[in-house]
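Here is a short report on a sheet, its packing and some ring contacts. Please read it alongside the sequence and the model.

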Amino acid sequence: MSEYLLEMKGIVKQFGGVRALDGIDLQVRAGECIGLCGENGAGKSTLMKVLSGVYPHGTWDGEILWDGQPLRAQSIRDTEDAGIIIIHQELMLVPQLSVAENIFMGRELTLPGGRMNYGAMYKRADELLRELKIPELNVALPVMNYGGGHQQLVEIAKALNKNARLLILDEPSSSLTASEIAVLLDIIRALKAKGVTCIYISHKLDEVAAICDTIVVIRDGKHIATTPMAQMNVESIIAQMVGREMNQLYPPRAKPAAIGEVVFEARNVTCIDADNAQRKRVDNVSFKLHKGEILGIAGLVGAGRTELVSALFGAYQGPCQAEVWLDGKQIDTTTPVKAIAHGLAMVPEDRKHHGIVPDLDVGQNITLSVLDQFVRATRIDGQAEMKTVRDEIAKLELKTASPSLPITSLSGGNQQKAVLAKMLLTLPRVLILDEPTRGVDVGAKYEIYKLMIALAEQGVSIIMVSSELAEVLGVSDRVLVMGEGRLRGNFINDGLSQETVLAAALDQHPASNVNTEHKDSAA
């Protein structure tokens, strides 16, 4: 009997002439938690799609042994029947269906005659959630009634209902709060104790270090190393991932003294909840932005950060009001088209729904915001458009075999670079970045930070919303702190600590909430 539950040997997967996987080996013992690490485009998702049957046997080369026997899956159903369950980064739940209906989707319990046995499904769903220590969920209610953290746990309950022996978690915490992540990690520890094997994929390497027994690093489709976590730390994982030592996670930035005059101002921004007219998501927020400044906006989930920047860009979905000033003149930014015309650009938080057009290819996505520049009489100048696309791909080091590939074929980090390229082609004076590095690996994050700093040095003013406090402090010149829709802090980032920012977000030290802006903005 093999000492490994799973063995993948010499896995090769090609797309056209490009080798996405080049002879990768992976061994996993029963009850072990493997951390699968690599930069965006390294091949992690492709390898897991091979394992989970998304890519059927015969479309790739190599061998998979499951419990010592060859696994030749032709579909996801085949691998699920074997006990291999994958939970994707994008949750595969139907919002309108109940928690129980989602847990039993495709495996419904029925009564004689084919009617659904809701009693049995509710009972079993409730048992599964109690096993996961989340008994407060009403399994009969639509899953959309619950937040992202609970929905992630419903996905895990769904996997356990399929008798998962190997659970693959792909970026499971990308949209979770810190407290929800702590619950998730505790649940994975409990699953390991029960003998469930896990493959954990995350760009949040502190989570990987906390939960995983063994680290497997792949780079450019090749296996780099398999190392016990006890012999590793976050820095050594990063070094294996990027192939070089990263002495600092954030590039050096210009001193605040290099920042210019006020060029942009938001006054009295108020956003009303789209579903509750009595609730203000943003409550009378005003701030200024200087030329060449990187302004970070921090705050806890639900603080109103995304709503604030969406209102400035004309993209807020509910009732709102905002005075927006550029160069001392009030401008109309009530729609994204008008905002772009005035020199604003925004990279949205939800890349999948608001950043890319999934039916278009990479090149078409990049030029979408400036397509009129390539119009010649009644047609598009394809040659000029393609030159621009190739220039942007080279500039941002976007990894794609061809600009004509579907945008959805790219890794999350490279999709993010394509969205960035699209907005930078508008030559913005004010660039709004909402969670610009969510789901992006550490190497690609560094490239995005470098690009931000280079743009700021060229005089572009940047507003960056981020849930990662270390990121806000790592790249911002000044930090706004929001809480419950209000502005609770405004600090120059000179020795600013995470504790100070958190205290302001929680409104624990109101006395420290002084407007410590640059001197020339005191007006």
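In which sense do strand E7 and strand E8 pair, and over how many bridges? Strand E7 (residues 166–170) and strand E8 (residues 197–201) pair in the parallel sense, over five bridges. Two strands count as paired if DSSP finds at least two bridges between them. Aspartate 170 stands opposite isoleucine 201 in E8.

This is a predicted model, in which local features need pLDDT of at least 70, side-chain atom pairs count only at pLDDT 80 or more, and totals for chains, interfaces and linings use all residues. Residues are numbered from 1 along each chain as its sequence is written, and side-chain values use heavy atoms, with hydrogens and water left out.

**The sheet**

E7 and E8 belong to an open sheet of six strands, in the order E6-E7-E8-E3-E9-E10. The pairing in this sheet is mixed. Its edge strands are E6 (84–87) and E10 (222–228), and each pairs on one side only. From one strand to the next, the twist averages 20°. Helix H5 (residues 148–161) packs on the sheet and touches E6 and E7. The direction of H5 makes about 170° with that of E6. Contact here means heavy atoms within 4.5 Å. Axes are lines fitted to C-alpha atoms, for helices over the stretch in contact, and angles run from 0 to 180 degrees between N-to-C directions. Helices (H or I, at least four residues) and strands (E, at least two) are DSSP runs, numbered from the N terminus.

**Aromatic pairs**

A search of the whole structure finds three aromatic pairs. Rings of Phe, Tyr and Trp (its six-membered ring) pair if their centres lie within 6.5 Å; planes under 30 degrees apart count as stacked, over 60 as edge-to-face and the rest as tilted. Two of the pairs are tabulated here.

| Pair | Centre to centre | Angle between planes | Class |
|---|---|---|---|
| Tyrosine 118 and tyrosine 122 | 5.7 Å | 45° | tilted |
| Tyrosine 250 and tyrosine 449 | 5.1 Å | 40° | tilted |

Tyrosine 118 and tyrosine 122 both lie in helix H4 (residues 118–131), four residues apart, about one turn of the helix. The pair of tyrosine 250 and tyrosine 449 links distant parts of the chain, 199 residues apart. Tyrosine 250 is in the loop between helix H8 (234–242) and strand E11 (262–272), whereas tyrosine 449 is in helix H15 (residues 442–457).

**Charges over rings**

The charged end of lysine 13 sits over the ring of tyrosine 55, 4.6 Å from its centre. Arginine 267 lies over the face of tryptophan 325, at 3.9 Å from the ring centre. The criterion is NZ of Lys or CZ of Arg within 6 Å of the ring centre and within 35 degrees of the ring normal.
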